[in-house]
Structure formats: structure tokens, C-alpha cells
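Work through the exercises below with the sequence and the coordinates open. Try each task before you read its solution.

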Amino acid sequence: MSSLVWVELDRAAPEHNLRQLRAGADPGVIACAVIKSNAYGHGAAEIASLLPSAEWFGVNSLDEGLELRRRGITRPIILLGHVALGELEAAVEADLGLTVYNRETIARLSSCSSLPRPARIHVKVDTGTARQGVMPEELEDFLLLVKRSRNCALEGISTHYANIEDTLNHDYAELQMARFASALDVVDRTVGRPPFIHTACTAAALLFTSTHFTMLRSGIGLYGLWPSRETLLAAREKGGSVPEFRPVLTWKTRIVQIKTIPEGSCVGYGCSYKTMRVTTLGVLPVGYADGYDRAMGNRAHVLIRGRRAPVIGRICMNLCMVDLTDVPVAKLEDEVVLLGKSGEERISAETMAEWSGTINYETVTRISPLLPRKVL
Ligand SMILES: Cc1ncc(COP(=O)(O)O)c(C=O)c1O
């Protein structure tokens with residue numbers, strides 16, 4: 001037994017999910033697989049290797065991009081997050097595309113004397129998310145600056161939607177789409193349209209083909225997860241075939257102690273749980289340091305041999321406790337499924353997210369990168 005807490009990845013699921021995402025797109029539309037933040041907790045290098053048909057990869061930081069290059073990934077990579085001015089050269093040397101929205105970035109790039117190639121610039125337009133991006137009224141000047149600047153090659157134009165996932169009312173998303181269409185008019189008029197136009201996160205890719213342009217830029221669907229219940233409902237309402245996503249990840253641990261404790265015993269810090277019967281207690285070597293959220297104490301379940309066992313007491317940094325009284329078959333070092341399937345039972349990322357008051361994205365993304373990822 002090499003590790004007491006680990007993540008298993010279904011080898012075939014990422015490509016299956018990518019096919020689901022591509023199903024509604026024209027054949028010429030390529031896919032940028034968003035594998036930032038350790039591929040939403042799944043393991044970036046592992047997921048990249050399980051997506052041989054993804055034409056591009058999107059990551060957040062320079063470090064993530066460099067790590068993929070170190071792992072031998074030669075496909076195009078775009079850095080979706082910010083690159084510090086002092087690190088722009090390193091990004092260009094590693095041939096990483098840049099999401100650009102600051103004049104200072106262009107100025108710094110054009111002042112570099114020895115770049116091996118022009119920087120691959122993707123100008124991001126803020127169409128209403130109020131995050132990174134050039135404001136539409138400043139776009140024309142910004143594009144002309146890029147065009148005039150040494151070492152800069154305009155390769156893409158992008159935007160990101162604020163409110164596709166969270167609602168069945170897509171008025172705001174449609175407003176952003178209209179603003180992006182106007183931005184593309186400016187691009188066409190001033191510098192000409194570059195080859196890569198990308199706006200489609202998973203929900204946009206599934207619900208609005210008009211967001212596809214030349215490249216999807218999707219993450220959560222690749223991992224077999226719906227962006228939200230609203231996205232699933234909206235996809236059903238639209239009719240046609242609804243994608244069947246296959247979750248990629250199972251998160252497991254093992255029981256490290258089983259013992260009987262009397263009725264009335266306190267369990268864990270703060271004595272937040274008191275047994276109401278003689279209880280078979282199981283100790284699990286997983287805690288909030290691993291990404292198993294402390295808010296799930298006294299709320300979550302785990303699965304052992306296809307049976308549910310409730311988490312009792314608070315979740316500690318490296319441990320938590322479960323009630324095994326109704327799972328008498330449980331044995332020391334048995335596998336425990338924290339997230340995923342066991343027999344007929346399943347704990348989904350959505351259920352776990354509900355237990356800890358968050359969304360499936362966060363639940364999987366915060367699984368510690370230190371835990372091993374095993375491809376099965
Ligand atoms: C800039 C950007 N593009 C694309 C995505 C992918 O979104 P999703 O995981 O909803 O497909 C994200 C996700 O956070 C993002 O921040």
C-alpha cells in the first residue's frame with residue numbers, strides 16, 4: 001500500500017467527455033482543454049495525457065505552463081491568468097500564449113531585445129464580467145498598440161461570460177455576446193481577425209453554439225461534471241441530445257483504526273458529536289489538509305464496500321472519524337470512497353459540494369495536489 005489517500009482517474013472518461021462537448025460544434029472548431037489548477041484537482045499532467053485529441057491546453061499560471069512543457073507537452077498552451085512583467089520573457093521562451101489586457105505587458109514585451117519568437121498575444125475583452133480584460137471602448141487603441149509593437153503577434157481574441165451557469169435567464173450572457181460581436185467588428189476594422197477566437201466555457205459551449213467561434217475553451221465538462229443544475233436544465237429545455245458526462249475522479253482512503261466506544265462518548269475536537277449508542281468507530285487518515293472540507297463534519301458520508309457510513313465529529317487536519325456500526329463488514333485497511341462510486345452507491349461532487357456549502361468546481365479543485373493520482 002503506497003499511499004493512504006489517493007485519487008483514481010478513469011482513463012477513458014476525459015476523451016469521452018471531450019467528445020460530448022464537441023458534439024454540438026462544427027467540425028472545424030478546435031478545443032482548448034482548460035486544465036488549470038491541477039486540472040481542477042484531477043492532476044494536470046495526467047489529464048493532459050488522457051486528452052490526446054485536445055488541440056490546445058489552457059492553464060492559469062506561468063508555472064503551470066512550464067510544468068506541462070517540462071512534461072514534454074508540445075501542443076499549444078495558453079496562460080489564462082496573469083503573467084508578471086518580469087516573467088514575460090520566460091513565457092515566450094517556453095512558447096506559451098499570453099492572455100493580455102494591460103498596456104504595460106505590451107510595452108515590456110516590445111522592449112525585450114532577445115526573444116526567440118514573437119509573443120503569442122490573445123487580447124481579452126471585458127464584455128461584462130469585470131475581471132481581466134480590455135474595456136470595449138479602449139479596444140481599438142489597444143489593438144493598434146499590439147499591432148505597432150515589436151515582438152507581439154496577435155493570435156487570439158477572447159472573452160469570458162459572467163452568468164451562463166448560474167441561471168436559466170440568459171439575458172446577461174446574450175448582452176455579453178452582443179458586446180463581443182461589436183468587439184469583433186472593431187478587430188476586423190482595425191487589425192484583422194486573428195486565427196483563434198475563443199469564448200466558450202462548458203456552459204456556453206453546451207447552450208450557445210454562437211459562442212464557439214474557432215475554439216472551445218472548456219474545463220468542467222471534461223471532468224464529467226455539469227457546470228450547474230441550471231446548465232443541465234437549460235440543456236434539457238433546449239431539446240436535442242443532452243451530453244452524458246462521465247465523472248473522471250474517485251477519491252479514496254483506507255480505514256486505519258476500528259474500535260468500539262461506549263454510548264455517550266464525545267467524538268473529535270469540540271465534542272461536536274456524542275454517541276447515542278455503543279458505536280463502532282472508524283478512523284480515516286484524511287482531513288482538511290487533503291482538501292476534505294472541515295465544513296463536512298457531522299454532515300458527510302463515505303462509502304465502504306458499497307455501504308454508507310456517516311462522518312461523525314469535526315474533520316481534523318489529517319484525520320476524520322466515521323460511524324461503522326451499521327457497516328459491520330468493514331475491516332481495518334478497507335478502501336473507503338470519499339467521492340465516487342462504491343457498489344451501487346455514489347457520492348457525487350455535487351453532493352459533496354452541498355455538504356460543504358460550495359460548488360462542484362471547488363470541491364474537486366481543492367483536493368490536495370500532494371495526493372497521488374492513479375490512472376486506471
Ligand atoms: C478564463 C476561463 N476560461 C475558461 C474556463 C472554463 O470554464 P468551465 O470550467 O466552466 O468550462 C474558465 C474557468 O474557470 C476560465 O476562468
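**Exercise 1. Classify the shell around the ligand, then locate it.**

Step 1. Sort by residue class: the shell divides into six nonpolar, four polar and one charged. Here Ala, Val, Leu, Ile, Met, Phe, Trp, Tyr, Cys and Pro count as nonpolar, Asp, Glu, Lys and Arg as charged, and the others, Gly among them, as polar.

Step 2. List the members. They are Val34, Leu80, His160, Cys201, Thr202, Ala203, Arg217, Ser218, Gly219, Ile220 and Pro227.

Step 3. Helices (H or I, at least four residues) and strands (E, at least two) are DSSP runs, numbered from the N terminus.

Note on the model: it is predicted, so local features need pLDDT of at least 70, side-chain atom pairs count only at pLDDT 80 or more, and totals for chains, interfaces and linings use all residues. Residues are numbered from 1 along each chain as its sequence is written.

**Exercise 2. Trace the pairing of strand 8.**

Step 1. Strand 8 covers residues 196-200, and five of its five residues are buried. Buried means 20 or more other C-beta atoms within 10 Å of the residue's own, with C-beta atoms placed from the backbone.

Step 2. Take one neighbour. Strand 7 (residues 152-158) runs parallel to strand 8, with three bridges between them. Serine 158 has histidine 198 as its bridge partner.

Step 3. Take the other pairing. Strand 9 (residues 215-218) is also parallel to strand 8, through two bridges. Histidine 198 is bridged there to methionine 215. Strands pair if DSSP finds at least two bridges between them.

Step 4. Strand 8, helix 9 (residues 202-207) and strand 9 form a right-handed β-α-β unit. Right-handed means that, with the strands pointing away from the viewer, the path from the first strand over the helix to the second runs clockwise.

Conventions: Buried ≥ 20, exposed ≤ 12 C-beta atoms within 10 Å, placed from the backbone. Near = placed C-beta within 6 Å.
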